[in-house]
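Subject: Structure handover

Hello,

Here is the structure we discussed.

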Amino acid sequence: MEETDLRLESSLWVGNKRYRAVLTGWHFNWTEVDKKNIDKKTISVPVAEVIGVEEGRVEILPQKSIEDTDKDFTVFYVKRSSSGSSYGLLWRLGRTQFSCLSRVLRDQWTKHLRAALKTHSPLRPNRLLVFINPFGGKEKGRKIYHSLVAPLFELAGISSHVIVTERANQARDHLLKKDLTGFDGVVCVGGDGMFSEILHGLIGRTQQEAGLCENDPAATLQPCPLHIGIVPAGSTDCVCYATVGVIDPVTSALHIIIGDSQPLDVCSVHHASALVRYSVSLLGYGFYGDVLAESEKHRWMGPLRYDYSGTMVYLSNRSYAGIVQYLPADPLLSSPRDRTRCLSGCGVCSRSTERLFSHSSDAGSLYSSHLSQFSSDTEGEWVSVEGRFRCVSLTCMSSSCPKSPLGLSPSAHLADGTGDLILVWDTHPLGFLKFLYRHTSTQDQFDMPFVEVHRVKAVRFSLPPEKEEEAYEEIRGSSGGIDEEAGYIETVSRSGSQVSLAETGTGREMTKEQKTTTPFLCGLCCSKAPAVSVWNCDGEILPTTEILSRIHGQLVRLYARGIEDGAAMHNCGEENDKCDSRYTLHK
Ligand SMILES: CCCCCCCCCCCCC/C=C/[C@@H](O)[C@H](COP(=O)(O)O)NC(=O)CCCCCCCCCCCCCCC
Ligand SMILES: Nc1ncnc2c1ncn2[C@@H]1O[C@H](COP(=O)(O)OP(=O)(O)O)[C@@H](O)[C@H]1O
Ligand SMILES: [Ca+2]
């Protein structure tokens, strides 16, 4: 046996085979001895990916059982496998039972492995606050947590305080008001809507404590100190898919246990000097807004409601007038059409960390000058376009999800402080269908004459003056002659009205003001098309149409590491732009 401060080396047995086991600073390796050189295979587990070390011969499936022998110990660790349909890798719990020559040696191994774990995984949580939405997705949140996740947390020695929500916004309110001391992170068992609640709670709480005003679009917000873990149990599960690469509760639980850390850009949405909401995945007007509004009527269908509503809205064949203004990001840093992907260890994102946090006060003043001089922009950086759009979408990340494995913007970055603005100009129905369909494959959805994509730092959307007037007309008309049965869905902003998060509620229900006189799906059955659509903000309907949104780089951190490329399972060990070929989109 050899032992130094962190290193330990000895013979160990697995079954009746002898191995040479070595614990170096960062890795735990074991290689079969007594075998011809050519066949020698080393199993190497990064210490950061060890889940737990237990004395004796331990099983956790189908139930935890311990055979308390004094020369044995069991190591649990992360094991990867390809996920088949998804781009990311599935993580599973690996387990190996080792036997030593003596109890003293066994105790040395367990002591060293546990000490190495502490040293190499500083962000591993000890205590977690878990929110379960029992009604998300297929209503399996409770079962998923208790049967798949809780046993892993227990094995890893994590204590958790579990709250099964009884109403919408309970998790958000808890995070805004209750004592959070002692918690290292918050776990969301649910979908994108539930994640959004937790996001709002944590960002709001952090700004309250820092004395910062969330309403000011120019404010440099304080990053949240608590990590968020997502256990997918929703309908779209886009945030989970885009940050982990698979929708799999066990994979997510293992990322949480080892304390992985993935920063995430967040977009704040404002109206008339007030914060409306935050968004991380989709802020979409037109098609995606209409799909969400329609889908709310069919919640009983579960996740299928989006396909049904998508088809109905597609058939209604609508476009909307609007003025879009945007502040482009530095084109030298990256481009939404550079055909690279943001993957685990992304070089573009790590370089952004430096840029985002080294001169945060300068960045704040730069933004304030841009945002306040918005209408008379002297620096000429803002770009303005006007016309009719099928949809206007802003996404801070790729927004990949099982429906669209590469996402709304396949080359967007999770943590570069920018978002991608996608403008789909009005076009013939088949063209738009082709655009939608390309989201399901690796075909470039931006390579179409009626589509534009821009990497941006801020976006403003407003209605052309005549449409604003029409929108008012629709509201006025609505007080007298709404045909409720025809289904009225449109949101109309009331210029100058102050909208705060507290007033917007869950955002999933329509407020009175949001109903207008124009029947939904009128493209199919009647002549008059609605003047305005609604904004879909990560699955919530916004109560305003005219908005100003701004990207806040790396405002929150998730227990994740970005997508690990299944096609490149080799251990590169380099920052990923050194292995760029792996990160290029395949045609
Ligand atoms: C023809 C096939 C078209 C497939 C088009 C796929 C585009 C998918 C882009 C998905 C972006 C997802 C961004 C995430 C949004 C979520 O935050 C948010 C909330 O999720 P939650 O309920 O789980 O909490 N989800 C959503 O707003 C759902 C948006 C989903 C839009 C899907 C639209 C499906 C369209 C099907 C059209 C079919 C046309 C067929 C015509 C014959
Ligand atoms: N106990 C509850 N009852 C009703 N709604 C809830 C509850 N808990 C959370 N919600 C709300 O349900 C909405 C949808 O939840 P989510 O978990 O995202 O599922 P889905 O992906 O199916 O939409 C969220 O907006 C959230 O605020
Ligand atoms: Ca981004």
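This is a predicted model: local features need pLDDT of at least 70, side-chain atom pairs count only at pLDDT 80 or more; totals for chains, interfaces and linings use all residues.

Residues are numbered from 1 along each chain as its sequence is written, chains are lettered from A and ligands numbered from 1 in the order in which they are written, and side-chain values use heavy atoms, with hydrogens and water left out.

Calcium site

Ligand 3 is a calcium ion, coordinated by Asp265 (OD), Cys396 (O), His413 (O), Asp416 (OD) and Thr418 (O) at 2.3 to 2.5 Å. Donors here are N, O and S atoms within 2.8 Å of the metal (3.2 Å for Na, K and Ca); water is not among the atoms, so sites may look incomplete. Along the chain, the donors of this calcium ion have the spacing D-x130-C-x16-H-x2-D-x1-T. His413 is buried, at 2% relative accessible area, and Asp416 is buried with 2% relative accessibility. Buried means under 20% relative accessible area, exposed over 50%, partly exposed in between (1.4 Å probe, protein chains only).

Cavity

A cavity is a set of points, on a 1 Å grid over the protein atoms alone, where a 1.4 Å probe fits but cannot get out; lining residues have an atom within 4 Å of a point. Grid points are joined across faces, edges and corners, and a volume is the space filled by probe spheres set on the points. There are six cavities of 30 Å³ or more. The second largest cavity has a volume of about 70 Å³. Its lining includes His413, Arg341, Cys342 and Ile563.

Polar contacts are pairs of N or O atoms within 3.5 Å. An oxygen atom of ligand 2 lies 2.6 Å from a side-chain N or O atom of Ser235, and an oxygen atom of ligand 2 lies 2.8 Å from a polar backbone atom of Gly193. The protein covers 89% of the 570 Å² of accessible area that ligand 2 has on its own (Shrake-Rupley method, 1.4 Å probe).

Ligand 1 has 24 residues around it, with Asp192, Gly193, Thr236, Tyr306 and Asn536 nearest. A polar side-chain atom of Tyr306 is 2.5 Å from an oxygen atom of ligand 1. Of the 930 Å² of accessible area that ligand 1 has on its own, the protein covers 88%.

Regards

Key. On a 1 Å grid over the protein atoms alone, a cavity is a set of points where a 1.4 Å probe fits but cannot get out, and a pocket is an open set with protein on both sides within 12 Å along at least five of seven lines; lining residues have an atom within 4 Å of a point. A polar contact is a pair of N or O atoms within 3.5 Å; within protein, one must be able to donate a hydrogen and the other to accept it, and residues adjacent in sequence count only if both atoms are side-chain atoms. A residue is near a molecule or strand if one of its heavy atoms lies within 4 Å of it.
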